Amino acid sequence: MLIRKLFKFENAHIVRNCSSERCRSSIHGHSYRVEILLEANALDHGQMVYDFGLMKGTIRDVIDAFDHAICFWDRDDTEYIRLCKQFSTRWIAMPVSPSAEQFSRIFFVIIDALLQQTIMANGEADVTLHSVIAHETDTGYAQAFRADAINERMGIIRLEDIIFSEQCQAEWKDPDMYKKLLSGKHFSNPPAPRQIEV
Ligand SMILES: Nc1nc2c(c(=O)[nH]1)N=C([C@H](O)[C@H](O)COP(=O)(O)OP(=O)(O)OP(=O)(O)O)CN2
């Protein structure tokens, strides 16, 4: 079974080398909508694949880091990158260009790692990330599956190569969240509620 939760953020970028002239040569913004699709073959004690409320922890935080931020490819012009950092306290450096396709891959890689490092507490069984859909506009989106996230031909995405500015990190509930993710630490879901006999 699949479940899906929608998140939203506003973000600015340039996508170098693309065919659309406006897109490659002018900083512009989008109201992104990101759909996170989780999959499981069994249900937890609440008879859910994964409580939507749990997705409003580290998963929501990491997506919210992109809100009101500028994203740039770390191979972009060094002066452009310097100015992004100078004029925006919220920025994210990415090892790939910020197209819708790469946003969906980036979110897949981060959220997959978050889920794998999360200790489940309410009987959730084999919950995995199925795919991530990044809507850049009302009319265009990209969907990344596992085979896309881990695909050298699309560019290698390592967690350590995604850099969040200090301000982005400071606004997380746990400012050390990404450092913990990088160091393989575990995240704990809230303790299971007392089971009600029915
Ligand atoms: N496959 C992709 N194509 C384009 C991307 C992308 O990420 N992946 N990005 C862009 C630009 O960022 C652009 O701003 C969005 O393009 P487009 O959909 O053409 O935008 P419009 O606002 O013109 O959308 P309409 O709904 O068609 O008016 C370009 N291409």
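Two residues are in contact if their C-beta atoms, placed from the backbone, lie within 7 Å. The structure is a predicted model, in which local features need pLDDT of at least 70, side-chain atom pairs count only at pLDDT 80 or more, and totals for chains, interfaces and linings use all residues. Residues are numbered from 1 along each chain as its sequence is written.

**View 1. Contacts across the protein chain.** Among the contacts with a separation of 6 or more, 71% join residues 24 or more positions apart. The chain comprises seven helices and nine strands, which are DSSP runs (helices H or I, at least four residues; strands E, at least two) numbered from the N terminus.

**View 2. The largest nonpolar core.** This core contains 42 residues; a nonpolar core is a set of buried Ala, Val, Leu, Ile, Met, Phe, Trp, Tyr and Cys residues joined through C-beta atoms within 7 Å. A residue is buried if 20 or more other C-beta atoms lie within 10 Å of its own, with C-beta atoms placed from the backbone. Helix α4 supplies the largest share of the core, ten residues. Other elements giving two or more residues include β2 (28-39) and β6 (128-135).

**View 3. Surroundings of Ile-110.** Ile-110 is one of the residues with the most contacts inside the core. Leaving aside residues up to four places away in sequence, Ile-110 touches Val-62, Leu-159 and Ile-162.

**View 4. The shell around the ligand.** Cys-23, Ser-99, Ala-100, Thr-139 and Gly-140 come nearest among the 13 residues around the ligand, where a residue is near a molecule if its C-beta atom, placed from the backbone, lies within 6 Å of it.

Technical notes: Buried ≥ 20, exposed ≤ 12 C-beta atoms within 10 Å, placed from the backbone.
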